[in-house]
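Hi,

Here is the structure I promised to pass on to you. Have a look at it first, then read on for what turned up.

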Amino acid sequence: MEAVIVVDMLVDFVRGKLATGREAAVIEPLRRLLSVARAAKSPVVYVGDAHLSHDFELRVWGEHAMRGSDGARIVAELAPERDDYLLEKRSYSAFFETGLDSLLRSREVDTVVLTGLHTHICIRHSAADAFFRGYRIVVPIDCVAAFTEAEQGSGLEYLHRIYGAELITGADMAQRLGSGC
Ligand code: ZN
């Protein structure tokens, strides 16, 4: 079973203080993938920053996606639907103290499809934790973004080389989920 994990598609990252202009390109391919995943009954799990005021990560980035703020809201185009799961995180990895691993195991997930932001930071750390826990990893390349083209390229290469992540398009991933294989 595959689960689609949507990391940090939040206002502060897409249109707010940490946006570079590259992030919004993810929205449409990801929206299409999520709609196929829901139809195929694959779990869709949103994991987004919801920072508290003394989180360690704020030393590096300053305040962003503060819990309960508008900046920590999921962008409207990707609004979660009824059967989706929503988890909050306070550091880079979608697995770090979020309950994601036990949720995935309860749904008999063996493959995580990592989407969202950013390829070289939170996607990378989430991939590391997925790898350590024995999950297969797929990264739809048009459903993730980094701050720069160079970071996107090196980020994807790292995911493939180090964690064996399969790199495909969002459309190919959707087709795979839709055909049930
Ligand atoms: Zn953060």
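Before anything else, one term: two residues are in contact when they have heavy atoms within 4.5 Å of each other. Keep in mind, too, that this is a predicted model. With that in hand, take the contacts between residues at least 6 apart in sequence: 77% of them join residues at least 24 apart.

Now the overall picture. The protein has 7 helices and 7 strands, and along the sequence they come in the order β-α-α-β-α-β-α-β-α-β-β-α-β-α. Its radius of gyration is 15 Å, close to the 16 Å that the globule rule gives for 181 residues, so the protein is as compact as a globular protein of that length. Of the 181 residues, 51% are buried.

Next, zoom in on helix 5, which covers residues 122-132. Which of its residues are buried? They are Cys122, Ile123, Ser126, Ala127, Ala128, Asp129 and Ala130. These buried residues pack against quite a list of elements: strand 1 (2-7), strand 3, strand 4 (111-117), strand 5 (136-140), strand 6 (144-145) and helix 6. After helix 5 comes Gly134, with a positive phi near 90°.

On the helix 5 side you'll find Ile123, Arg124, Ala127, Ala128 and Phe131, which meet Tyr158, Leu159, Ile162 and Tyr163 of helix 6. Sorted by class, this contact has 8 nonpolar residues, 1 charged residue and no polar ones.

There is another pair to compare. Helix 2 (residues 27-39) and helix 7 (residues 170-179) pack at about 10° with axes 9 Å apart, so helix 2 and helix 7 are roughly parallel to each other as well. Here Leu33, Val36 and Ala37 from helix 2 meet Gly170, Met173, Ala174, Leu177 and Gly178 from helix 7. That contact divides into 6 nonpolar and 2 polar residues, with no charged ones.

Is Ser93 buried or exposed? Its relative accessible area is 5%, so Ser93 is buried. Leaving out residues up to four places away in sequence, Ser93 touches Thr98, His125, Ser126 and Asp129.

Last, the cysteines. How many disulfides does the structure hold? The count is 0. To count as one here, the sulfur atoms must lie within 2.5 Å. The closest cysteine sulfur to that of Cys122 is in Cys143, and at 17 Å it is too far for a bond. Both residues are tucked away: Cys122 is buried at 6% relative accessibility, and Cys143 is buried at 0%.

Cheers

Technical notes. Residues are numbered from 1 along each chain as its sequence is written. This is a predicted model: local features need pLDDT of at least 70, side-chain atom pairs count only at pLDDT 80 or more; totals for chains, interfaces and linings use all residues. Side-chain values use heavy atoms; hydrogens and water are left out. Axes are lines fitted to C-alpha atoms, for helices over the stretch in contact, and angles run from 0 to 180 degrees between N-to-C directions. Helices (H or I, at least four residues) and strands (E, at least two) are DSSP runs, numbered from the N terminus. Ala, Val, Leu, Ile, Met, Phe, Trp, Tyr, Cys and Pro count as nonpolar, Asp, Glu, Lys and Arg as charged, and the others, Gly among them, as polar. Buried means under 20% relative accessible area, exposed over 50%, partly exposed in between (1.4 Å probe, protein chains only). The radius of gyration is taken over C-alpha atoms; the globule rule is 2.2 Å times the number of residues to the power 0.38. Angles under 35 degrees count as roughly parallel, over 145 as roughly antiparallel, 65 to 115 as roughly perpendicular and the rest as oblique.
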